[in-house]
Structures are given as C-alpha cells and as structure tokens.
Amino acid sequence: MNRNEITEQIVVARLSKGLSWQQLADAIEQPLLWTTSALLGQHPIPVDQGKVLVEMLGLDESVLPVLAAPPMRGGLPSAVPTDPTIYRFYEALQVYGGALKEVIHEKFGDGIMSAINFSVELQQKPHESGDRVVVTFDGKFLPYQWTSAQD
C-alpha cells in the first residue's frame with residue numbers, strides 16, 4: 001500500500017469515526033497543524049505515535065512503517081493549486097512574497113526563513129465584517145553562508 005492510499009484511508013476513517021484533527025493531535029500530544037500535515041503525508045510519524053493514531057482510526061498496523069518513513073514533501077497535483085483555499089495562500093504569496101522577502105532581508109540580512117526549524121499556527125479571530133483567519137509562520141532565520149571553493 002502506498003502513502004496516497006494510506007492517506008485516503010486516514011481521511012475516510014477519521015470522517016466515519018467522527019474524529020476531529022484536534023482529537024487526533026491531542027491523542028499524540030502534538031500540534032494540530034503538524035499532526036494534520038503528518039496524517040496527510042507531509043511528515044514522518046514516530047512509530048509510538050503512529051500506533052496510537054492507527055488504533056484510533058481502526059487502521060491495520062501494516063501502515064506503520066509507511067507512516068514512519070520520511071515522505072516526499074511538498075508535492076501538489078498541479079503547479080498552480082486549484083483548490084480555492086490552497087490557491088488563496090498561493091495568491092497571497094504571489095502578491096506579498098516579494099515584499100516579505102525584501103523586509104526579511106532588511107531586518108535580518110541575506111538569508112531565508114527555515115521551513116525545517118518551523119512551526120505554524122492557525123487561529124480564528126472574530127471581526128465585525130466576518131471571522132478572520134490568522135496564520136502564523138514561525139521559522140528560524142538562516143543566513144546564507146558563502147564560502148570559497150577552497151573551504
């Protein structure tokens with residue numbers, strides 16, 4: 001069974017059992033978005049945590065090695081996402097990506113925000129014109145370290 005088939009089983013099992021992503025995250029004492037991303041195939045899940053999730057979801061334990069394996073990360077079905085929610089993040093980065101890059105360089109220097117040493121949070125914020133989605137990316141700044149060929 002491949003990772004995509006296991007992900008489909010996870011989604012179906014979660015829905016059929018009426019489990020929320022938060023309940024699954026709480027069961028393994030991990031952040032909501034990390035757990036959801038891991039269950040959707042973007043992070044390896046340690047075997048001890050995988051066992052808890054497999055039991056809650058009623059999956060066969062044969063999926064544990066695949067859940068624990070480092071995944072192929074970041075793949076989307078198309079170059080430009082077509083799902084409206086994912087597309088809005090893509091759109092926001094098209095509009096604000098250049099500005100974010102410039103301000104990061106101005107404040108921190110030449111480097112990048114890590115997506116490895118990273119956390120992400122999502123909050124719902126009440127607003128008079130309709131609830132707001134607040135997404136916080138928290139990544140370590142990694143300066144570029146240029147070396148010569150002799151180093």
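Mentor: We'll take the surface patch, then the aromatic pairs. This is a predicted model, where local features need pLDDT of at least 70, side-chain atom pairs count only at pLDDT 80 or more, and totals for chains, interfaces and linings use all residues. Residues are numbered from 1 along each chain as its sequence is written, and side-chain values use heavy atoms, with hydrogens and water left out.

Trainee: Which residues make the nonpolar surface patch?
Mentor: F89, M113, F118, L122, V133, V135 and F137, covering about 630 Å². Patch residues have over 30% relative accessible area and no salt bridge, with nonpolar side chains joined within 5 Å.

Trainee: Which elements give two or more residues to it?
Mentor: β1 (111-125) and β2 (132-143). Strands are DSSP runs of E, at least two residues, numbered from the N terminus.

Trainee: New topic. How many aromatic pairs are there?
Mentor: Four. Ring centres must lie within 6.5 Å; planes under 30 degrees apart count as stacked, over 60 as edge-to-face, the rest as tilted. F118 and F137 form a tilted one, 5.5 Å centre to centre with 55° between the planes.

Trainee: What does that pair tie together?
Mentor: F118 lies in strand β1 and F137 in strand β2, so the pair links parts 19 residues apart in sequence.

Trainee: Is F137 buried, partly exposed or exposed?
Mentor: Partly exposed, at 46% relative accessible area. Buried means under 20%, exposed over 50%, partly exposed in between (1.4 Å probe, protein chains only).

Trainee: And how are Y144 and W146 arranged?
Mentor: Stacked: 5.4 Å centre to centre, 20° between the planes. Y144 is partly exposed at 41%, while W146 is exposed at 68%.

Technical notes
Patches are made of residues with over 30% relative accessible area and no salt bridge: like charges are joined within 9 Å, nonpolar side chains (Val, Leu, Ile, Met, Phe, Trp, Tyr) within 5 Å. Accessible areas come from the Shrake-Rupley method with a 1.4 Å probe; for residues, only the protein chains shown count as cover. A salt bridge is a side-chain nitrogen of Lys or Arg within 4 Å of a carboxyl oxygen of Asp or Glu. Helices (H or I, at least four residues) and strands (E, at least two) are DSSP runs, numbered from the N terminus. Rings of Phe, Tyr and Trp (its six-membered ring) pair if their centres lie within 6.5 Å; planes under 30 degrees apart count as stacked, over 60 as edge-to-face and the rest as tilted.
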